[in-house]
Amino acid sequence: MFAWFIVNLHLNTLEMTDNTTIFDNIEPLLAEGRVTAAFDILDSAVAAYPDLRRYAPEVERLREGYGYMTRYALQGLPDPGLAEAHSDITESVRSLTDGMRRMVRMKDAPTLYFNTLRYEMATPADTLPALMEQYGKVTQKLSLAALTENPVKAAREFTIQAEQLEKRIFNRIWTTYPLDVADESTLRDAMADKSLPEYFKSLLVSAVLMGLMEQYDERRMSLLMDAYGSDVADVSVRALCALLVGMWLYRGRAMSVRLRNRLAALKDMPSWTRDVRIATMQFVRSRDTERITRKFNDEVMPEMMKLRPEIEKLKDKPIDPEAIEENPEWAEMLEKSGVADRLKELQELQEDGGDVMMATFGKLKTFAFFNDMANWFLPFHPSHSQVAVSDVPEIASLVEIIGEMPMFCDNDKYSVALSLGQIPAAQRDMMLTQLRMQSEQLDAVRMAGMGQRTREREELATNYVRNLYRFFKLFRRKGEFTDPFAVGLNIPAIPALEAEFDDADTLMVIAEFYFKRGYYADALEVFRRLAAKSAPSAAISQKMGYCEQSLGNPVAALRHYEEADMLDSSSRWTVRRLAWCHRTLGNWEKALECYRRLAEERPDDVNIALNIGLSLVKLRRYDEALQYLFKAEFLGSGNEKATRALAWCTLLNGDYDRCVKYTATLLAGASPRPNDFLNAGHLSMLTGHPGEAVDHYVEAIKAMDGDVDRFMRALADDKNTIAAFGQTDPHLMAIVVDTAIQRR
């Protein structure tokens, strides 16, 4: 009874704060297999919210079903359907929770989703089948507009009507949950209807995806699977990308038998594995977009802006990139400024599939066109009312060419098309010339190239992933949506797609991409799969070790480096990393062994001698350490690291005369460190000069930016290290430290 009281008290508290957090504990409970506790929360929610009482019979039905299953299972009788039954009930609880959470938020949640939902609910007659029927009639009228008395006026009127209906249908699909049998049938018919525009079918795919991202819906998953089989390439590729997003977001949920069978049928299609890998690489490459954008905005553009006045002095006209390349003076200017190298790097990133357009077109999303969510997913078509209004022939030509350029994604194409009217005529002419040349080059490449279908689908996948990326990063209300790109979509980690990434070549490409760009957690996961499927490899073990090291896991890194060392004991790189791990973990004897191995091949290497000396210092073998530190000093010709190590070692060894010399050298240098002043203070104390010690400690505190706490921590660490401090009067030491703090 007390537990029930606590639950209800907790629910009442939640009601005063956030009326949906009541459901937050259900998923963790289901993950632990605690289905009964999840039912208790649902019962409490039904009791707490009158709007949820309609769900009471379903909660009770599921609870009873779970009870029957439990009692049968506990009898110990064979039950081959137990796993499926348990999974079905668990998924039903999840779906019920989604519906109840939605109901609670429906009343007053201020997000765009619920605002749109409330609008749609206010027009119950506008069902999806009804809206789709209206749209079919309007598109039919549009196709016959040329036969009217005023074709231009009629075409524009019907185009605007069609566009309004497209947005309504998008919103209806987005906010309908769950899709019912009639909705599913309507969408399947629309996908198969040859009379409907292909761009509209592609838009439907995005509407299904956005609704799926709000709540899991098996019918939406099924629709995306079926749409992958469309004979319209853009619909097929978009459906696959959307399906992968859905599978990633809900990878922890069990698929029903129906969906598993449908997925199995897809896997039998000859194109499936290839297409999944193509789409996956676009999601993988999207991880680099933020870095590329930052490089463009922070490095390339500031330098270009500095050079702009100089370039325009040489020729009084807008900057033409091709002219810059042809003009030796301009090219030399770019080389000297370093801009040429950065532009070359961006070019290489673009050739590797990087999204270099985000930096430019991300700033062109302020048009009213992008206030409508549906427009972010609309395939570009020159007949759209907002880009087909210009009477300027150059603009009309540019719009047509832009529509054929695969390097621009759809909403970037709309950005350019919408901004053409604001661009001076001279620059429009230059753009038209450049784009025509690029278009001709692309046509030539396409005509001469092999594997046209694969390249086409790769371009379509790139286009759609970039559309998605821009929406989640740039939409005015992006904060209201779950951003699948925030942590990256690691498609190979989806359990149901393990077979699609079963070959070493594909895994290696993905792993190397992540590794090269510093996404070490993702790289590590893929390298693990690769290691499990291929023969032992020193290179893979090295990279797994480096990933663990970069993620701050030296113990795991050490294990992988040791594997790499066993496979290839000649790698100096591996031995250096082994030494780093042992040092980090305080295994100084092992670190010393590694440095001695390195010294066998390079006996006169300054850093190796220095590291051997420092390892011996840590092992308190001071006399041996001094030999290597003297060697490092000699080889390094005044190497500051060697001098600092000698000062510390001679202090620890009680060789104060030498310590004075090395300490003085450090303090007279260009940039003494806080520890140099600190050690000088220790030396003064140990040699009986407390007044000098105060001065040095004051300088140490100043070098630490006046941070007394940091100074005291460093002092405490050194007291534990320097056994010779036992010879110093602790009362005198306290006075010295207190005085130094007061004088800082």
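**Overview. Confidence of the predicted model.** The protein has an average pLDDT of 87, and 89% of the residues score at least 70; pLDDT is the predictor's confidence in each residue, from 0 to 100. Over residues 1-18 the pLDDT is below 50. The model is predicted, so that local features need pLDDT of at least 70 and side-chain atom pairs count only at pLDDT 80 or more, while totals for chains, interfaces and linings use all residues. Residues are numbered from 1 along each chain as its sequence is written, and side-chain values use heavy atoms, with hydrogens and water left out.

**View A. Packing of helices H25 and H26.** Helix H25 (residues 520-533) packs against helix H26 (residues 538-550) at an angle of about 150 degrees, and their axes are 9 Å apart. Axes are lines fitted to C-alpha atoms, for helices over the stretch in contact, and angles run from 0 to 180 degrees between N-to-C directions. Helices are DSSP runs (H or I, at least four residues), numbered from the N terminus. H25 and H26 are therefore roughly antiparallel (angles over 145 degrees; under 35 counts as roughly parallel). Residues of H25 in the contact include Tyr520, Leu524 and Phe527, and those of H26 include Ile540, Met544 and Tyr546; contact means heavy atoms within 4.5 Å. By class, this contact has 10 nonpolar, one polar and three charged residues.

**View B. Packing of helices H9 and H11.** Helix H9 (residues 181-192) and helix H11 (residues 218-228) pack at an angle of about 15 degrees, with 11 Å between their axes. The two helices are therefore roughly parallel to each other. Val181, Glu184, Leu187 and Arg188 of H9 make the contact with Arg219, Ser222, Leu223 and Asp226 of H11.

View C. Tyr177 and Pro178 are joined by a cis peptide bond, with omega at about -15 degrees. Pro178 lies in the loop between helix H8 (151-175) and H9.

View D. Thr116 belongs to helix H6 (residues 112-121). Thr116 counts as buried because its relative accessibility is 11% (buried means under 20% relative accessible area, exposed over 50%, partly exposed in between; 1.4 Å probe, protein chains only). Apart from its neighbours within four places in sequence, Thr116 is in contact with Asn171, Trp174 and Thr175.

View E. Arg620 is not a glycine, yet has a positive phi of about 60 degrees. Arg620 is in the loop between helix H30 (606-618) and helix H31 (622-636), and counts as exposed at 60% relative accessibility. Asp705 has a positive phi near 60 degrees and lies in the loop between helix H35 (690-703) and helix H36 (708-721). At 71% relative accessibility, Asp705 is exposed.

Definitions and conventions
Parallel < 35°, antiparallel > 145°, perpendicular 65-115°, else oblique. Nonpolar A, V, L, I, M, F, W, Y, C, P; charged D, E, K, R; others polar.
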